[in-house]
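Trainee: I would like to go through the labels used for this model and ask what stands behind each of them.

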Amino acid sequence: MSEVILFNDDFSSFKIGPLPFDREHSAMGEYHYVKQDGYSGDWYDPITNCYYRGPNWIVTAENGSHYMEQMRVSNPLTRGVLPVLAAGEKDWKDYEVSVSVRPLTTIEEAGVLFRYQTSLCFYAFFLKDGKALLVRYNKTNHEVLKSVDFKFNSDTFYRLSVKVCGKSAVCFIDGREILSFNGIENERGCIALASFMPCQFSSVVVKATNEENERLQKERTEKALRLAEKRSKYAKPKLWKKFDLGNWGASRQIRFGHLTGTDEMFFVMAQHQKRVFKERYCNISCLTAVSIDTGKILWQIGEPSELQVNQDTTCDLPFQIYDIDNDGIDEVICAKDFKLMILSGLDGSVKKSMPTPLNEEKADEILGIEFKKHAFDRLNVDAIRIVNVSGKERPSDILIKDRYARLWIYDSDFNLLWKFNHNNTGHFPYAYDFNGDGKDEIFSCYNMISSDGKLVWQLPIDTDHTDEIVIGKFDDDIDDDLIAIVSGWEGFMIVDKNGNILSRDINGHGQRISVANYIPSRKGLEICTTTYWENQGIIYLYDAKGNEIWHMEPSTNGNIIAPVNWLGNGSELILLNGNVKYGGMLDGDGDIVVQFPDDGHPDMCAEVINLTGDHRDEIILWDAKKMYIYTQDREAEKDERGEYAPHKYPIYNFSNYRGEYSFANWIKQERE
């Protein structure tokens, strides 16, 4: 039977040296699209880890041949993550993959992955400690399907091959059949190289029959036609505004508000300086207020910097825009130089200020204090949130926090209302009136805190922390508000207001979450999550009860998965990032139905916000140098229900760790 080659790489196109990698092994990719410079060929590395140092993969050469070499050594700090280098197409179905493998240590798994969908969902043909193994990986479940004795050493290359057809997989070593299995569940998937310990790989070939290739090409043609038809129904992004950001630009440290008390919208961008240890004690060094209408600076405090280290950070910075005194003009509430301040929105002058609280708790008895010593006598504020624990007509209380342990809440006159310390705060606590008394309870990490600062209940979890939270009514079968969270390796959870876990899926290191009407034909709302640490960039879509609908791995970081009211018809899209090739907006089927134009726009940062006057969302894309804002290239279609103006996260509580939501709301038609 004749065959065609789907993929072939002997790594001769690579120069010796490391594949592109994040030299800082940082959290930038949690909510920034960050592409490392260098040549990766047709491969991508989906693994990131803060405990890594140096490259994951290097290309070496001996006797005129090039080898791809995995350089990691498994250790407890890396949570058992499997180093992976993936290639090929996720729509591959029946094929044969072959690769030469030389395990440089023989005690742990090394080999080839097939029907690879994500770095947590694949099949593996491994050599390990005198055995050949066929293994299925599905999230945290690792199952050895078949095992056979096979003697091998660290000095020899072994040709590992897998023929997969339908539910059947047959595995060969050096042309000899070793084992077979019938019951493969992944219908499709690409291939990857993988090993827990240093290992060399060479000569990767993927072949398929002519018949399979013809079927694949026909399927792709049909899919392209379907996708083109879908895309034709969506407005295309139209450039609305473009600004240069001078020397005051920054990464995703931006807030929006009406600083002059008019309808004119402004943004404030913050630069910072890092202190003591990584980004645990960032201090705002410059705030710049800019008109979105004109791009002109309204005011600036501090000294701007063109250094990337002052522009980019992986944490929140402590500032918000809000009319805290209810005078009709937004203020900027910020913490800077160990002071909590309320700045005039008009000119940035200080209207009110207080010293941040003293660090009175013992550093070795609370979480997140590096070196078990307070670096400063006073608190270096990590984040700020506007809340309403006082029960006033509108929120006017100010919550501040340290990195992971303590909360303080002040009223707008800086009177301390209460402080709280119990286990972990998570990144950005959520304020919500659960009991209907007009006062906010605070849900912080795994803790439900009453409006007067008392612990009401806590989830039965004491490791990792909650990254993002969404609260609201999203299950049509349940009348009460529900809490949806992603908490690192403790997983994605749906929790009721009494602390009962209704659904839980440990799907990687849960990093981001959003809730919206992504599939209108389904009952209730859908929940989208994504991962970052270890197995990065896996996107999941769930129904309102926490049942997985689909998963995908787009091969990039920085997918913010925010809901976008793009059409104005009650359905939402999922924003990935601003990259022309890998970014855009997904529909509920997981198809990229809106792409960004190849017009030189920045793609590091992305944000969704309504700016132009109708109720649909605009997309802001920026980096430290420039900003592009896109709207739709056509008017919204008329709808008998009126205009779709969904309830979204209030812009006065912006955070890089806020779970996004879009809850349905229709209003009377405003336009003829």
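Trainee: What makes alanine 86 in S7 the bridge partner of tyrosine 44?

Mentor: Strand S3 (residues 43-44) and S7 run antiparallel and are joined by two bridges, and within that pairing tyrosine 44 has alanine 86 in S7 as its bridge partner. Strands here are DSSP runs of E with at least two residues, helices are runs of H or I with at least four, and both are numbered from the N terminus. Two strands pair if DSSP finds at least two bridges between them, so the two bridges between S3 and S7 meet the rule. The model is a predicted one, where local features need pLDDT of at least 70, side-chain atom pairs count only at pLDDT 80 or more, and totals for chains, interfaces and linings use all residues. Residues are numbered from 1 along each chain as its sequence is written, and side-chain values use heavy atoms, with hydrogens and water left out.

Trainee: Which residue of S16 is the bridge partner of alanine 86?

Mentor: Alanine 192 is the partner in S16. S7 pairs with strand S16 (residues 190-195) in the antiparallel sense, over four bridges.

Trainee: Why are both faces of strand S7 called covered?

Mentor: Val84 and Ala86 lie on one side of S7 (residues 84-87), Leu85 and Ala87 on the other, and all are buried. Buried means under 20% relative accessible area, exposed means over 50%, and partly exposed is in between, with a 1.4 Å probe and protein chains only.

Trainee: Is histidine 509 buried or exposed?

Mentor: Histidine 509 has a relative accessible area of 6% and therefore counts as buried. Its place is the loop between strand S38 (501-505) and strand S39 (510-516). Leaving out residues up to four places away in sequence, histidine 509 touches residues including Asp464, Trp489, Tyr532 and Glu534; contact means heavy atoms within 4.5 Å.

Trainee: What makes the phi of valine 276 worth a remark?

Mentor: The phi of valine 276 is near 70°, a positive value in a residue other than glycine. Most residues other than glycine have a negative phi. Valine 276 lies in the loop between strand S20 (266-273) and strand S21 (283-291), and its 53% relative accessibility is why it counts as exposed.

Trainee: Where is phenylalanine 414, and is it buried or exposed?

Mentor: Phenylalanine 414 sits in the loop between S29 and S30. With a relative accessible area of 11%, phenylalanine 414 is buried. Its phi is also positive, near 70°.

Trainee: In what order do the strands of the open sheet with S29 and S30 come?

Mentor: The order is S27-S28-S29-S30, with antiparallel pairing. Strand S27 (383-387) and strand S30 (416-421) are the edge strands, since each pairs on one side only. On average, neighbouring strands of this sheet are turned by 20° against each other, direction ignored; the axes are lines fitted to C-alpha atoms (for helices over the stretch in contact), and angles run from 0 to 180 degrees between N-to-C directions.

Trainee: How many cavities of 30 Å³ or more are counted, and by what rule?

Mentor: The count comes to seven. On a 1 Å grid over the protein atoms alone, a cavity is a set of points where a 1.4 Å probe fits but cannot get out, whereas a pocket is an open set with protein on both sides within 12 Å along at least five of seven lines; lining residues have an atom within 4 Å of a point. Grid points are joined across faces, edges and corners, and a volume is the space filled by probe spheres set on the points. The largest cavity holds about 120 Å³ of space. It is lined by 15 residues, the closest to its centre being Tyr281, Ile369, Asn380, Asp402 and Arg406.
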